[in-house]
Structure formats: C-alpha cells, structure tokens
Amino acid sequence: SLVIFNSKYNVKRCKFVKFEGGSRPEHIKVHNELLMKHNPKVIVEIGFNTGVSAMNFMSKSNETVVISFDIMFHLYSSYAKMYVDEKYPGRHTLVGGDSTKTIPTFTKMFKDLKADLIFIDGSHTLSAAYQDIVNCKEFAHEDTIVVIDNVVPHRGVGVEVYDAMLRTIQDDGIVN
C-alpha cells in the first residue's frame with residue numbers, strides 16, 4: 001500500500017535512486033499477519049534502511065513504538081528517519097552504528113525494556129547475524145516473537161544467516 005512505501009517515495013524525492021534491500025510486499029504481508037494476530041506494542045528491528053518496515057509496524061496501531069538499529073551506511077537512511085519522525089512523532093528511536101556493539105550498550109542502559117516483536121534484518125555474515133540474535137535475547141520476554149530475514153540457504157546471501165539461526169536454535173537454545 002502507498003502508506004507503507006511513503007518513506008521510500010520520500011527519499012526518492014530527495015534525489016536518491018538506488019536502494020539496498022528493504023521489506024518487499026511479500027515481507028509486509030507476513031509482518032501484517034503477525035501484527036494482526038499478536039498486536040505487539042514494542043518492536044525492535046535490526047536494519048532500518050528506508051524505514052519501510054518501521055513505518056508499516058507503526059501504521060497498524062497508534063500504541064506501537066519501534067526501536068531500530070542500523071549501521072547508517074546509506075545517506076538516504078537519515079532522510080527516511082526524518083520522514084518517519086514527521087509521520088509518527090515520538091514513536092520511533094533509531095540507534096546508529098554496528099548493531100553487534102550498539103545493542104549490548106543499549107540493553108545495559110535500558111535493562112527493563114522488553115520487546116513483543118524482534119525483527120532481525122541486518123548483516124548477512126555468520127558472525128554478525130549470530131551476534132545480533134544472541135544480543136537481542138536481552139530484549140525478549142517469554143512471549144516475544146522473533147522474525148529473522150534472509151534465512152534462505154539456497155541463496156548466497158542467506159546461507160550464513162540461516163547457519164546463525166540454526167546455531168541459536170540447536171546449539172544454544174536461545175530461540176525456540
């Protein structure tokens with residue numbers, strides 16, 4: 001829907017033409033099913049990019065807040081953040097930097113913050129994907145839902161993320 005993709009439209013108006021990754025309509029459909037079924041109030045996401053998923057999460061309920069962690073490699077992410085803040089004032093926090101470092105710092109500062117939904121769509125390397133999952137454990141409560149993107153071992157980009165997910169399930173028991 002147009003509302004969901006307005007953040008990408010907004011950064012295009014700022015003369016950005018190429019975007020790396022981001023939530024596609026098939027992702028949004030699955031996200032919406034989870035949002036309708038579980039009605040999460042606090043969502044943590046790794047990977048903000050153009051803000052499509054963050055905006056979609058907040059568009060479903062006026063009570064939803066989103067905390068995003070992003071490396072901020074792309075300049076357009078700053079423009080997307082400005083648009084998100086204009087559209088959903090006071091409901092979005094963006095922490096810039098390497099999530100494998102910023103999440104442990106953040107969770108030490110906000111020990112009692114728990115997320116109802118954690119959406120991991122960050123680095124595609126084994127080490128970083130694994131560390132993101134492990135670090136997000138600090139945000140989890142008993143009923144937290146974890147969604148991990150890019151777990152497609154038959155595609156090059158998903159092999160290491162898939163491996164990281166399996167390690168946290170089978171070896172560590174962090175995710176069930």
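Modeller: Helices (H or I, at least four residues) and strands (E, at least two) are DSSP runs, numbered from the N terminus. The model is predicted, so local features need pLDDT of at least 70 and side-chain atom pairs count only at pLDDT 80 or more, while totals for chains, interfaces and linings use all residues. Residues are numbered from 1 along each chain as its sequence is written, and side-chain values use heavy atoms, with hydrogens and water left out.

Colleague: What span does helix H7 reach, and what is expected?
Modeller: H7 (residues 159-171) has 13 residues and reaches 17 Å from first C-alpha to last, close to the expected 18 Å. The expected span is 1.5 Å times one less than the number of residues.

Colleague: Which residues of H7 are buried?
Modeller: Val 161, Ala 164, Met 165 and Thr 168 are; buried means under 20% relative accessible area, exposed over 50%, partly exposed in between (1.4 Å probe, protein chains only).

Colleague: How do you know on which side of H7 they lie?
Modeller: They cover an arc of only 95° around the axis, so they are on the same side of H7; the arc is that of the directions from the helix axis to the C-beta atoms. The face turned away carries the exposed Gln 170 and Asp 171.

Colleague: Why does Asn 49 count as buried?
Modeller: Asn 49 has 11% relative accessibility, so it counts as buried. Asn 49 also has a positive phi of about 55°, although not a glycine.

Colleague: And why does Asn 150 count as buried?
Modeller: Its relative accessibility is 19%, so Asn 150 counts as buried too.
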